[in-house]
Amino acid sequence: MDVSGAKRLKELEAGNARLKKLLAESMLEQEVTREALRKKW
């Protein structure tokens, strides 16, 4: 793998980590909302 390929891989890995974090936060928010609705009714 050349230097530009390695750099691109690092960028993709960083983007992937960011997306995984966003997904986890979104799923947590959904679960909290579900719990709140469950208790309200």
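Predicted model: local features only at pLDDT ≥ 70, side-chain atom pairs only at ≥ 80, totals over all residues.
Biologist: What is the secondary structure of the chain?

Modeller: The chain comes to 1 helix and 0 strands. Helix α1 covers residues 3-40.

Biologist: How do you know what box the chain fills?

Modeller: Take the C-alpha atoms along the principal axes. They fill roughly 60 × 10 × 5 Å. Ala36 and Arg8 are 28 residues apart in sequence and 42 Å apart in space, C-alpha to C-alpha.

Biologist: Why is Ala36 called partly exposed?

Modeller: Its relative accessibility is 47%. Buried means under 20%, and exposed means over 50%. Ala36 falls in between, so it counts as partly exposed.

Biologist: What share of the chain counts as buried?

Modeller: Of the 41 residues, 0% do. The accessible surface of the chain is about 4,100 Å². Carbon and sulfur atoms hold 63% of that surface.

Biologist: What makes Glu11 and Arg8 a salt bridge?

Modeller: The N to O distance is 3.7 Å. The cut-off is within 4 Å, between a side-chain nitrogen of Lys or Arg and a carboxyl oxygen of Asp or Glu. The pair meets that rule, so it is a salt bridge. Glu11 and Arg8 lie 3 residues apart in helix α1, about one turn.

Biologist: Are those two residues buried or partly exposed?

Modeller: Partly exposed. Glu11 has a relative accessible area of 42%, and Arg8 has 48%.

Biologist: Why do Glu25 and Lys21 count as a salt bridge?

Modeller: Their side chains meet at 3.9 Å, N to O. The limit is within 4 Å, so the pair qualifies. What separates them along helix α1 is about one helical turn, because they are 4 residues apart.

Biologist: How many salt bridges does the rule give?

Modeller: The count comes to 4.

Biologist: How far apart are the mean positions of the positive and negative charges?

Modeller: They are 4 Å apart, for 10 positive and 7 negative charges.

Definitions and conventions. Residues numbered from 1 in each chain as written. Heavy atoms only, no water. Helix = DSSP H or I, 4+ residues; strand = E, 2+ residues; numbered from the N terminus. Buried < 20%, exposed > 50% of the residue type's maximum accessible area, 1.4 Å probe, protein only. Areas by Shrake-Rupley, 256 points an atom, 1.4 Å probe, with all protein chains shown as cover. Lys, Arg positive; Asp, Glu negative; His and termini not counted. Charge placed at Lys NZ, Arg CZ, Asp CG, Glu CD.
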